[in-house]
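The report below goes through one structural model, beginning with a pair of side chains and moving on to the relation between the chains.

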There are 2 protein chains.
Amino acid sequence: MKINVVRSVLEAGEASAAENRRRLDAAGVVAINVLSAPGSGKTALLESTIPALGDIRCAVLVGDLQTTRDAERLGPLAAQVTQINTEGGCHLSPTQVAEAIKGLSLDGITFLFIENVGNMVCPAVFDLGEHLRVVLLSTPEGDDKVAKYPPLFQTADAILLTKVDLIDVLDYDAARVREDLSRINTAAPLIELSSKTGQGMDEWLGWLRAQRPGPEDLHAPRGRRDDRGQD
Amino acid sequence: MKINVVRSVLEAGEASAAENRRRLDAAGVVAINVLSAPGSGKTALLESTIPALGDIRCAVLVGDLQTTRDAERLGPLAAQVTQINTEGGCHLSPTQVAEAIKGLSLDGITFLFIENVGNMVCPAVFDLGEHLRVVLLSTPEGDDKVAKYPPLFQTADAILLTKVDLIDVLDYDAARVREDLSRINTAAPLIELSSKTGQGMDEWLGWLRAQRPGPEDLHAPRGRRDDRGQD
């Protein structure tokens, strides 16, 4: 009788994530796992980003415990949007993403944004089969969150400091964030951004456009993100 | 061979929570589990609250994945402060709280504040042995969070809408929060509060003072919070 239940579940998850990446690679789609605390502005970022990408077609999977509010906000903007309700789960799982991908038409899609459940802990440890991770940190959350939640920031390919339009009314020290990041992740750019005023959007969109697959990547596997190196 | 591992773990947790409550009841201490997303202002609230309570002595347990920053902030203010590092765990557990309580001197303590890990999902489902739950929701997180994270708000004995000093610079609809709450929790007061300006502090401190054990409660078990009724 097998009793190593936890190991089996994790292995099943890893296999599912790898299969998701193969499907996305085959379709030439770059998947971006978007992670943050609740209310850091993930949906607002995508509301600004998707129209600004113009001809670059995007699909979105959006995870929440309940409601379809985010999908309703993004539905008019993206080529395809699917809401995943986790019914109490604190993160999206690779099998939920696999199921949702089956329902998408990936033809002509460049970016698949996967907006994870708002949570700085659980989503950090689950590979969904994404190629890149973008982590948001909003200024009202405080300048101590990199030190308090290092696993989330360690695995980020880009970090967006959001709601910087509020920085003048907050007691906020962006240098502290940069200093904490310097100890755990020096490869990911930190982009100061406001979806409200547009500050930093050009830098973010420039980074994002550079992640499109080049001609040599088309129909070739992009590989696991942790094989691609962080530095 | 037993394979119902999950059930055993949950049962062990429930037993530990009940034992914590018995210890606290015997000492005449009211334990308050303080829950919210990261950066909603839990520590700032306690920084304002503990000195304002005057002669009412408070102890604090504070949970974080890493760092002792919150304990350092609260150390000079409370009678006793213990930091619990969860080392990646997304919530405090009743056994971690049991271990921490052993290290406290409960004599003369009225309130034990248990500042949970910043997370709107996992901490909601773990009974730590507390008597009351206070849930914070900060205005910059957005007015849609009650609908998105109902389990957290359903179990609250009081809900604090924090950082209301920012409401003028946000596109925020407090009526939407009240409407969503009216569907899931009508018993808990919603207190609009700013630790920065002091707005709402009198109402919050009034609620808190009313939770002190009366003469009839001293040395008598207060019972499980879910036996005490929500309405």
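What do the side chains of A:Glu179 and A:Arg183 meet in?

## Pairs within helices

In this predicted model, the side chains of A:Glu179 and A:Arg183 meet in a salt bridge at 3.6 Å, N to O, where a salt bridge is a side-chain nitrogen of Lys or Arg within 4 Å of a carboxyl oxygen of Asp or Glu. Both residues lie in helix H7 of chain A, four residues apart, about one turn of the helix; helices here are DSSP runs (H or I, at least four residues) and strands likewise (E, at least two), numbered from the N terminus. A:Glu179 is partly exposed, with a relative accessible area of 46%, whereas A:Arg183 counts as exposed at 57% (buried means under 20%, exposed over 50%, partly exposed in between, with a 1.4 Å probe and protein chains only).

A salt bridge also joins A:Glu19 and A:Arg22, at 3.0 Å from N to O, and these two are three residues apart in helix H1 (residues 5–26) of chain A. In the whole structure, 30 salt bridges are found over all chains.

## Basis and confidence

Residues are numbered from 1 along each chain as its sequence is written, and chains are lettered from A and ligands numbered from 1 in the order in which they are written. Local features need pLDDT of at least 70, side-chain atom pairs count only at pLDDT 80 or more, and totals for chains, interfaces and linings use all residues, while side-chain values use heavy atoms, with hydrogens and water left out.

The mean pLDDT of chain A (the predictor's confidence in each residue, from 0 to 100) is 91, and 88% of its residues reach 70 or more. The model scores ipTM 0.86 and pTM 0.89.

## Relation of the chains

Chain B can be laid on chain A with an RMSD of 0.0 Å by a turn of 180° and a shift of 0.0 Å along the axis, using least squares on the C-alpha atoms of residues with pLDDT of at least 70 in both. The two copies are thus related as by a two-fold rotation axis.

## The interface

Between the chains, 37 residues of chain B are in contact with 37 residues of chain A, contact meaning heavy atoms within 4.5 Å. The count between chain B and chain A is six salt bridges, one of which pairs B:Lys148 with A:Asp64 at 3.8 Å between the closest N and O atoms. Both residues belong to a network of salt bridges whose members include A:Glu47, A:Arg73 and B:Asp144.
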